[in-house]
Amino acid sequence: MALTCIQHCQRCTSLLRSRSVGITTLQYSTDAQHWPAALWNSFIVPVLPSLLQRSPNPSQTRQRWNLGVRSYCESHAKVQPSQTKHRNTDELPGTDMVSYQNPVSHQLIDGGMLLKEWQTAFDLDDAPGHSALEEISHEEAVRMDIPAALPPVSISLKDYVNESETLGKLVQLGVQLWKLEQRPNVGSMLLRLDFQTDVTPRLVFLKQLGVEDSRLGYLISHNPFILTESLENLQARVAYLRSKKFSAESVASMVSRAPYLLNFSVKRMDNRLGFYQQQLGLSAQKTRDVVARLPRLLCGSLETVKENLKICKLEMGFRENELQHIVTVIPKVLTANKRKLTQIFDYIHNTMNIPHDLIVKFPQVLNAKYLRIKERHLFLQYLDKAQYDPAKPNYICLDKLVSLPDEAFCTEVASATLKDFELFQKTIVAQPRMTSFSERHFTHNSTQTFFRQNNMASRAPATTGRLLVSFRKWYYNAAGFNKIGLMRDDTIHEDSDVKEALRRLPEKVYNDRMFRLKRALDLSMKQAVLPKEQRTQYEEDVHYLEPYLKEVIRERKEVEEWSKK
Amino acid sequence: MARPSVRVFHKLEGLFSIYKPPGVHWKLVRDTIETNLLKGINAAPPPAPRQRVQFLAESTSVVAEGSNELTLSAASVPALAHHPLVSGPDFQHIGVGVGHRLDVFSSGVLVLGVGQSNKALTDLYRSHVTRDYTLEGELGMATDNFSHTGRLIERTTYDHITRDKLERVLAMMQGSNQKALLTYSKVDMSTQGAYELAVKGELRPDGKSPPIMTGLRLLHFQPPHFTLEVQCLNETQRYLCRILHEVGLELRSTAVCKGVRRTRDGPFTIQHALTHQHWTSPDVIQAIRQYRSSRKASKAKHTQPGKDTGTTDHLC
């Protein structure tokens with residue numbers, strides 16, 4: 001009780017000195033020491049005279065209080081050193097309470113005060129008139145203000161919103177106070193603001209910038225610290241953006257979409273703009289477009305952007321110009337989640353077999369949800385419609401695959417009903433993870449070639465020199481087996497490995513091989529060759545046995561290794 | 001009168017089933033549904049703002065005249081302490097409980113309950129309901145975690161496997177499981193009571209038991225792929241993958257599990273399970289209503305005199 005009274009007296013006297021307007025009245029009843037120790041984010045009300053509109057008789061009441069205080073002071077005063085003018089004090093251990101900062105700026109510790117200051121605060125020669133127990137007239141009693149019982153410490157701004165002008169006006173703007181009070185120190189900060197001197201100039205500044213009224217609430221809810229940023233800094237940053245040739249509308253849109261933008265220093269923004277221009281290799285205008293579309297790029301950390309860029313170049317194997325195009329269309333790729341991005345790319349490139357150039361044409365697939373792409377692709381595969389090559393008929397555009405809503409997708413793309421799609425969704429089971437993806441290395445050349453050549457024809461020669469190709473063709477024709485209609489794998493010597501590989505051939509391929517061999521035997525008996533049109537050409541020759549043979553040899557080697565142990 | 005958000009919440013209190021897609025942890029699914037339901041509950045329009053009366057004193061000119069009367073004027077100002085922007089949305093958290101869980105690899109019916117019906121959920125699962133699964137397997141491979149996402153350990157040939165052999169192996173497994181069912185039901189086989197229970201089909205373990213398959217059937221066989229349908233009690237999805245592996249071993253080959261799909265969990269079938277586009281409050285309310293009406297219909301059927309099949313529904 002003593003603590004509160006002394007706190008109360010201290011505040012009212014200091015306020016009386018600083019502001020001659022009105023009387024400050026404080027709560028009497030609550031006792032701060034009885035509040036629970038773990039009051040995180042609790043706020044102490046800074047009592048402002050503007051809270052209270054009534055003030056019947058300043059001098060009389062002041063006199064009365066002075067003397068009341070003096071009597072207390074004489075019995076309880078202790079000498080305590082006054083400490084720094086630091087805003088945040090830790091009165092109760094472990095709480096986040098903020099004490100009121102007043103112009104006299106002494107801290108209250110253990111209810112003590114500087115005796116000297118108390119004594120100078122009061123005129124000791126005042127006539128000892130009224131005491132607290134004196135009877136007063138009815139009119140005086142009616143005129144006396146009973147202030148609202150504001151708790152000195154609270155965990156919610158609910159208790160202060162009715163009395164605080166700032167909070168009331170913020171609620172009218174649409175600021176979500178319930179979210180802000182959960183952040184540490186923000187509630188105390190808002191209570192301490194004065195609407196006329198602190199908040200209004202900044203709101204006017206934002207309006208002049210071009211931010212719409214409806215967005216002000218969103219802005220302050222996400223970035224309340226814009227109300228404590230100095231106006232000179234805010235103006236300097238806007239001037240910097242204008243100097244970089246961002247138009248006024250784009251600055252307004254950037255500020256309303258990235259609430260923290262104007263809290264960052266000019267140096268930091270400059271650093272980031274330079275980084276994007278340099279790394280992406282875009283022109284100034286294009287960099288401006290990218291940043292205007294995603295102003296978050298100027299706010300967040302550059303490390304994530306650097307990692308995403310590295311992933312796009314090294315893991316996914318996109319070239320410089322392709323990456324530029326993707327970023328200008330979908331800037332979000334720079335701040336996307338790494339794991340999700342790689343998962344989507346893996347599925348699109350390795351499972352759906354879509355080449356790089358098609359992905360670059362439709363970069364919005366990288367922005368879509370993985371589950372959506374997977375389900376729709378599997379559905380199309382089930383209907384035998386999964387054809388994404390523009391050169392072939394019945395081509396399905398990736399844009400339509402990803403951006404159409406379900407209803408439109410089912411009717412336009414899949415020619416099925418929504419119900420069918422839902423029934424199909426309930427039959428999906430887990431897909432195998434592509435082994436090629438997990439065996440990736442992070443070296444530049446190998447992965448790039450690995451990913452890019454993943455889709456090339458399996459028959460591609462190791463090198464593509466023209467000279468070598470013509471030599472091979474000549475050799476093929478010189479070997480002579482094509483004249484009797486055989487393929488290279490038909491002539492291979494049959495040892496046990498080859499026998500096993502032949503056993504594993506699919507039926508059709510095996511039958512074709514048998515037919516070719518029979519025809520060749522027939523021709524050799526007749527000592528004849530096929531006419532030129534019917535001979536096997538170098539381009540038509542398929543090494544059908546090679547994969548099976550390789551597998552058999554690998555297995556045999558594995559068995560031998562195991563049996564060695 | 002209850003606020004509209006509370007009314008919506010009461011409508012949401014019930015049991016419903018969803019289809020969990022593969023590759024997603026069940027906790028993520030539960031959190032997504034909780035967020036969606038909260039959106040639906042808090043979307044109800046807020047009540048009219050409260051007003052409070054504040055008395056303002058007259059200006060000081062009146063006092064200076066020396067009149068003894070104090071005139072106060074009453075003003076009705078909005079009380080902001082209960083404004084939704086100050087106190088937050090009505091519901092910031094609801095208790096969504098999950099029934100028998102599915103691991104990341106599997107997909108299928110997942111039963112969820114909201115609020116008070118979580119108690120019904122625990123009752124449902126304590127009553128040992130059976131579940132239906134569809135297992136897709138592939139012959140010729142063996143991996144370390146019995147599924148095709150694991151590290152390959154062994155490759156075998158499977159040419160010798162015919163449908164006939166596979167069915168024989170399955171029949172053998174079903175037989176051993178049936179025996180286990182009888183032993184764990186802890187009923188003396190030579191009593192009349194045991195016979196009656198067996199006739200009704202209620203002979204099943206009541207207390208703790210290891211996973212038991214009450215039904216096993218081959219749906220589709222095209223080597224190397226095959227599909228099984230399983231009805232089991234007390235199982236985990238990993239146990240089912242191991243079953244497939246053992247089937248492979250019995251056939252002198254190997255097999256891995258390519259997919260586990262739960263098609264029925266107690267009284268909840270895949271037909272009424274909600275896919276992820278329908279994880280919103282109006283769809284959930286409808287699903288709850290549908291389940292309740294189907295329960296009422298089945299109860300009405302069961303309480304007809306004489307017949308009480310009492311399969312898996314022990315739930316009110």
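A salt bridge here is a side-chain nitrogen of Lys or Arg within 4 Å of a carboxyl oxygen of Asp or Glu. Asp159(B) forms one with Arg503(A), where the closest N and O atoms are 2.8 Å apart. Between chain A and chain B the count is 2 salt bridges.

Before going on, some ground rules. This is a predicted model, in which local features need pLDDT of at least 70 and side-chain atom pairs count only at pLDDT 80 or more, while totals for chains, interfaces and linings use all residues. Residues are numbered from 1 along each chain as its sequence is written, chains are lettered from A and ligands numbered from 1 in the order in which they are written, and side-chain values use heavy atoms, with hydrogens and water left out.

Back to the interface. The contact (heavy atoms within 4.5 Å) takes 36 residues from chain A and 43 residues from chain B. The size of an interface is often given as the accessible area lost when the parts come together. Buried area is that loss, with a 1.4 Å probe, summed over both parts. For chain A and chain B the value is about 3100 Å², and carbon and sulfur atoms give 56% of it.

Now chain A by itself. Its secondary structure comes to 28 helices and 0 strands; helices (H or I, at least four residues) and strands (E, at least two) are DSSP runs, numbered from the N terminus. Of the 565 residues in chain A, 42% are buried. Buried means under 20% relative accessible area, exposed over 50%, and partly exposed in between, with a 1.4 Å probe and protein chains only.

Take helix H12 of chain A, residues 248-257. Its buried residues are Ser250(A), Val251(A), Ala252(A), Met254(A), Val255(A) and Ser256(A). What do they pack against? The partners are helices H9 (195-209), H10 (213-222), H11 (231-243) and H14 (284-293) of chain A.

Helix H25 of chain A, residues 466-479, holds Trp474(A). That residue is exposed, with a relative accessible area of 55%.

Last, the cysteines. A disulfide is a pair of cysteine sulfur atoms within 2.5 Å, and the structure holds 0 of them over all chains. Cys257(B) is in no disulfide; the nearest cysteine sulfur, that of Cys241(B), is 3.7 Å away. Is Cys257(B) buried or exposed? Cys257(B) is buried, at a relative accessible area of 0%.

Methods. Buried area = accessible area lost by both parts, 1.4 Å probe.
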